[in-house]
Amino acid sequence: MSQDEYFSVHAHLKINVEVLDEGERVPSDVEFEREIPIAFRIASECSELDGGVEKELHALHHDNSQALSKFLHAQNEKINLLLGFMLSQQDDPTLRHQTETFGASSLTFIAKKPFQKGQHVRLKLFLENPPSAIYCYGSVYGIKEKNGKYAVGVKYTRLQEDDKDVLIRAALHQQQKLLRQRAMERNN
């Protein structure tokens, strides 16, 4: 599947966008793997583990093991709270933006100042569901002015495969949330 085949959803994620300095280049795949901060590595591994265990927890809930299921769910929530706190320490308010759309191949965000097409950026994405954070690189592919602000489109250029899966799950979660909301509005 090529990058262009992933869908995007309209959702607001907190992100950090850092423009690479003159002469600074996007790292090679090997350099990128070494550069990823430990907090983002842990978040990726936890998110991957959560994805694999969800089905088993759901099956436990339907068996007569509700107490065990509730206990494991509570433990998972505690870990997610700690992970969320740890990741919040990685957020730089001076680089903070909010996405308009995101997917597994690209995102758009709103900026107060214009970016340049082809500009390389270092990104940190902070997801609520699944609770995770993603460290990656991207390249600006488009800019549109909107009411004195700029909608900036970025395609990922360095992104771990596991993080791509997390973005797919997060986009699907947002899509399901939107569909449930629309169904409720129709029923009311």
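This is a predicted model: local features need pLDDT of at least 70, side-chain atom pairs count only at pLDDT 80 or more; totals for chains, interfaces and linings use all residues.
Residues are numbered from 1 along each chain as its sequence is written, and side-chain values use heavy atoms, without hydrogens and water. Local features need pLDDT of at least 70, side-chain atom pairs count only at pLDDT 80 or more, and totals for chains, interfaces and linings use all residues.

User: Is phenylalanine 71 buried, partly exposed or exposed?
Analyst: Phenylalanine 71 is found in helix α3, residues 66-88. Helices are DSSP runs of H or I, at least four residues. Buried means under 20% relative accessible area and exposed over 50%, with a 1.4 Å probe and protein chains only. At 48%, phenylalanine 71 is therefore partly exposed.

User: Which secondary-structure element gives the most to the lining of the second largest pocket?
Analyst: Lining residues have an atom within 4 Å of a pocket point; a pocket is an open set on a 1 Å grid where a 1.4 Å probe fits, with protein on both sides within 12 Å along at least five of seven lines. The second largest pocket is lined by 21 residues. α3, β3 (96-103), β5 (120-127) and α4 (161-187) each supply at least two. With 5 residues, the top contributor is α3.

User: What is phi of asparagine 147, and is this residue buried or exposed?
Analyst: Asparagine 147 sits in the loop between β6 (132-146) and β7 (149-158); strands are DSSP runs of E, at least two residues. Its phi is near 50 degrees, positive although the residue is not glycine. At 83% relative accessibility, asparagine 147 is exposed.
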